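Dear colleague,

Please read them alongside the coordinates.

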Amino acid sequence: MQKQSCDIILIADPSSDKTIVYLPLNDYAALAAPDEVEEITARLARTCKTQRKIYRTPKNVDGIRSLMVLPNNKCNFHCSYCYSAGGRTNAEINPSILKAGLRYFLNPQRAKGERLSISVLGGGEPLLSWDILKPVLEETMQMIVQRKVQSPISIVTNGSICTDEIIQFCLHHQISLSVSFDILKDVQNAQRGFWEKVSVNINRFADAGLDIALNTVISNENVGRMTEMIEHLAKYHPKVKKVSFKTMISKQYFHDIEERRKYYQDFIYHFFDAKTVADQYGVFLTCSYMNACLCVADRYCPGKFVITSEGDISICHTVGSKKDELYNEFVFGHIDEKSGEVSVDNDKLQAILSYDVSKRNECAECPARWHCAGGCYADYFHLSNEEHHVYCESMRTFLAAYLKYKYKL
């Protein structure tokens, strides 16, 4: 994708006969009547100069800015939609492997001067391995100090484990929490269970002053209840001000292509209703579609340095076990348990990171190409051409709705 000073995209407004004139590289959008489009685009082509930053993915390990730790492959929940359930084992990471991986990632000479981030998540439920994580995270703080660049740490948890020790540790080290929670009691209990326990723990975390966000999976069961979820959150968890609604990523979830298409349409329609209510409560509500719309990039995901419980290095947190379907395609390195040596297959990593918007012909004229940027690498393997097409439709629909929301068109 060549660097451009101006890129004018025309998007039909699905709710009227007007056209959205959008300049993704110039942070500009306007709504034009049919007889105005030609004049507006001609004027913009003559005058637009400002360009937003385009996030371009480096094709090597030194360019990876995000590390994720999968400390185990065990869980105390049995969520109906879990993407990693097929990789369940009793595996738990060896602390020496974890330390070696962190030293490699946080080496002051690697990605020198760059802001890095660290997340601890599943595989399973990470706090089941707290006895391993706590001392390693203590050492990690020292590594971050040596880098002299702030590197935020977050823990993603199902919210079932909450102790004073965990709370105080996270407060002391400014570690943020992201709790996977489906908010409504009937939905949480049907899809995840343990609503009462998790609800109480969320308020314990929030009342203690922790930086906390919720990850909420939207299924067919609650796709029409997003506004209700925000209202419920404001009533029962008023200190929680960040929520991410997650679309279903399971290939097996939808019975046919039309069910998938309807789910995407319903998600977009109800999301913006919920977004309006969330704004009124001071809650920042986002989703993967919106995250994509917030920046312009050449690749949907910049890639991650994911340390699995078995000592492998994966490009994506959805692949954390040798039992996972895409293990051979996604694992590009390994950490030796005895020597602590980190080995990386640079050719394989470059091939993985080279999958971007330029690799799919259908992206060339897509209005959402700067945001979707070729789509999820895992979906490239998982979805059929027809399923890809339906997702692409939904991305374009969301972009049009987002532009009207952002620019108040």
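Glu228 is partly exposed, with a relative accessible area of 38%, where buried means under 20% relative accessible area, exposed over 50%, and partly exposed in between, using a 1.4 Å probe and protein chains only. This is a predicted model, in which local features need pLDDT of at least 70 and side-chain atom pairs count only at pLDDT 80 or more, while totals for chains, interfaces and linings use all residues. Residues are numbered from 1 along each chain as its sequence is written, and side-chain values use heavy atoms, with hydrogens and water left out.

The side chain of Glu228 meets that of Arg225 in a salt bridge at 2.9 Å, N to O, the term standing for a side-chain nitrogen of Lys or Arg within 4 Å of a carboxyl oxygen of Asp or Glu. Arg225 is likewise partly exposed, at 22% relative accessibility, and a network of salt bridges links Asp186, Arg225 and Glu228.

Across the whole structure, the search finds 20 salt bridges. One of them joins Arg369 to Asp7 at 3.1 Å, N to O; because Arg369 lies in helix H12 (residues 369–372) and Asp7 in the segment before strand E1 (9–12), this pair ties together parts that are 362 residues apart in sequence. Helices (H or I, at least four residues) and strands (E, at least two) are DSSP runs, numbered from the N terminus. Arg369 is buried, at 15% relative accessible area, and Asp7 is buried as well, at 8%.

Finally, Arg360 forms a salt bridge with Glu362, with the closest N and O atoms 2.8 Å apart, and Arg360 is buried, its relative accessible area being 10%.

Best regards
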